[in-house]
Amino acid sequence: MGRILIIGGGVAGAAAALAVRKAGWDPVVYERHPDNAEDLGAFLTLAANGHAALDQLDAAEAVGRAGFALHTLEFAGRTKALERTRCLRRGELCRVLQGEVVRRGIPVHHGRRLIDATEDSSGVTARFADGETVRGDLLLGADGLHSTVRELLNPGVAPRYAGQRVFYGYSRLPEPPAEPGRIVMVRGGAAFGYAVSPGGEVYWFARVTSDPLPEATVPDPAWREQLLALLRPDGTECAGIVEATQGPLLATNARDLADVPRWRGERILLLGDAAHAASPATGQGASMALEDAVVLGKALRDTGFPLETYERLRRPRVEYNTAASARMSAGLPVAGTPPVDEEELARQLDWATALASP
């Protein structure tokens, strides 16, 4: 099999490396950041479909040692049992996946910023900021929301502001507001959610409809009072959770990619947030990237048209998720039904099942 250059060493890039190695190819990962490339402050929920993908990458056990399990979702007084859902910091997930990549002998090069890539009939050449060029059979753009690879395929296509600022932090209270493993969603002055770890730490986030924060913003002490002013009138536990936050509040702008016309060239392919970033409302970003990796690995293993097969299978599902998340961010009901049902998704993710050729 041939050599695959993977640009980006975050969740999507590390998962893709595991998948294409399992498919018999030789991946090499190039990450622009000097460390694991992920914000150590942010956290995420990894849903059951993400765990199903990790099973196929033989990485579920390793990830299962990070973070903590969520067993119940509570919203508007109603509860729902959760299966195989986990809360963990994004940096933890990235660290575990990169650890699996290294453990399996896949090279990872940090501090390597891609500036250009050119395709020809026999391969693709990547050029980095330090002047080095490398050659491969395929190049995967897993370099996130602000992807260089996406810009090469789609000049001028950029993320849009999804209408919400997202605040998050970590608190400790004398009496935790919920049992460990329960994620509680509260709709009020802000869309607020929190979960309590087994050690009693409260992981929380708040999505606030507002103008975007300035780019390259740093934590602002005024954010705490601004958020509390929205939460105190609700009379819920949310204001107390924010008041008890240790350290500065963290914040980011929710962004998404409504449509990326080109996911692929002849030997270049986008995956993860580089191709289909969604706002955080559905909580599916990491899980979608893990699904991408498995479907791509199977397409490389099974078909003579791996890039076309991958795009054909993935576009309907991820574009539905992006649209659904955007509607949830705007406070609107989710329209339509998912274009890929659970049975079909399970078939696509099952490594033992062959993908059909286009």
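**Close-up views of a sheet and a cavity**

**View 1. Strands β7, β8 and β9 form an open three-stranded sheet in the order β7-β8-β9, with antiparallel pairing.** The edges of the sheet are taken by β7 (114–120) and β9 (133–136); each has a single partner strand, so one side of each is left without a neighbour in the sheet. From one strand to the next, the twist averages 20°. The model shown here and in the other views is predicted.

**View 2. β8 and β9 pair in the antiparallel sense.** Strand β8 covers residues 123–128, and its pairing with β9 runs over four bridges. Within this region, Arg127 stands opposite Thr133, a residue of β9.

**View 3. The whole structure holds one cavity of 30 Å³ or more.** The volume of the largest cavity is about 50 Å³. Its lining is made up of Leu257, Ala258, Asp259, Val260, Trp263, Ala275, His276, Arg315, Glu319 and Thr322. By residue class, this lining divides into five nonpolar, two polar and three charged residues.

**View 4. Helices α8 and α10 contribute to the lining of the largest cavity.** At least two lining residues come from each of α8 (273–276) and α10 (306–329). The largest share belongs to α10, which supplies three residues.

Technical notes
Residues are numbered from 1 along each chain as its sequence is written. This is a predicted model: local features need pLDDT of at least 70, side-chain atom pairs count only at pLDDT 80 or more; totals for chains, interfaces and linings use all residues. Side-chain values use heavy atoms; hydrogens and water are left out. Two strands pair if DSSP finds at least two bridges between them. Axes are lines fitted to C-alpha atoms, for helices over the stretch in contact, and angles run from 0 to 180 degrees between N-to-C directions. On a 1 Å grid over the protein atoms alone, a cavity is a set of points where a 1.4 Å probe fits but cannot get out, and a pocket is an open set with protein on both sides within 12 Å along at least five of seven lines; lining residues have an atom within 4 Å of a point. Grid points are joined across faces, edges and corners, and a volume is the space filled by probe spheres set on the points. Ala, Val, Leu, Ile, Met, Phe, Trp, Tyr, Cys and Pro count as nonpolar, Asp, Glu, Lys and Arg as charged, and the others, Gly among them, as polar.
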